[in-house]
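Please read these notes with the structure open beside you.

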Amino acid sequence: VMKLNPQQAPLYGDSVITVQLSEEDKVEDDVVFYLVFTGSTVQHCTSTRKINPGSLETISPGHDCCETVKVALCASREGHPILVVAEESFQFVQDEAYDAAQFLATCAGNQQALNFTRFLDRSRPPAADVDFLDEKVALAFRHLKLPAEWNVLGADQSLAENIPRETLMHFAVRLGLLRLTWFLLQQPGGRGALSIHNNEGATPVSLALERGYQKLHQLLTEEGAREPESWSTLSHTVHSGDYSVKHHRGLGVYLLTAEA
């Protein structure tokens, strides 16, 4: 028997899962444990790290759809066959951050929706919440399969540069979302958005200054600005055909994903 905590993870993955082992599976030093997640179209295998003799830690993989999957805890020991020690079910869900990223992605050129995001700003969430929101929404945005023609400024690129309007970049900067701003800067239209004025004449750059977001202002204006620290900077992914391998340096955990 093993207990997974939590028993679900957002679709975009990258959250910590703790595995409680039963008495008889307490970790001996030469045993290596893996978790195998089997979904309907993809399978993930993650390495684990030992916290203490009775518990392990790993990182949840990003999954391709909302579903309940089977998780097998496998033990391997040199010179012995690999054993399936325990099985449990696990759920991949679409959380609020994923919904938010999807909403923002679809409203890139929609002025009414973007004005709604300005209304949200009046309630100024506390800094810790902003950091949490920034981390999760940026992770979710990376996981979205954005269409090839997707643009930070929306689909209608014929809009003359000098028409005052709200952009997604204004939204990200106004809330002080460092990681989301960085993500948007790397997308088509991201750099172009920096010089667009809204109806009050503010550009994302002037907003960052006006709000005293120094790090954010540097991110937008400095030549060699570096990606802000986040879960995704702690991990490195390599894709090859139907496989991808991710190394999470923070926990020293590896994730292998393959089409089932």
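1. Eight strands make up an open sheet of mixed pairing, in the order β2-β9-β8-β4-β5-β12-β11-β10. Strands are DSSP runs of E, at least two residues, and helices runs of H or I, at least four, numbered from the N terminus; two strands pair if DSSP finds at least two bridges between them.

2. The model is predicted: local features need pLDDT of at least 70, side-chain atom pairs count only at pLDDT 80 or more, and totals for chains, interfaces and linings use all residues. Residues are numbered from 1 along each chain as its sequence is written, and side-chain values use heavy atoms, with hydrogens and water left out.

3. Strand β8 (residues 67-76) runs antiparallel to β4 (residues 32-38), with seven bridges. It also pairs with β9 (residues 83-93) in the antiparallel sense, over nine bridges. Ala-72 of β8 is the bridge partner of Val-36 and stands opposite Glu-87 in β9.

4. Six residues lie between β8 and β9 in their hairpin, and Gly-79 in the turn has a positive phi of about 80°.

5. β4 is joined to β5 (residues 42-47) by five antiparallel bridges. There Val-36 has Cys-45 as its bridge partner.

6. How many residues of β8 are buried? Eight of its 10 are, where buried means under 20% relative accessible area (1.4 Å probe, protein chains only).

7. In helix α5 (residues 178-185), seven of the eight residues are buried, among them Trp-182 and Phe-183. The elements covering these buried residues include α1 (96-106) and α3 (127-143).

Conventions
Buried < 20%, exposed > 50% of the residue type's maximum accessible area, 1.4 Å probe, protein only. Contact = heavy atoms within 4.5 Å.
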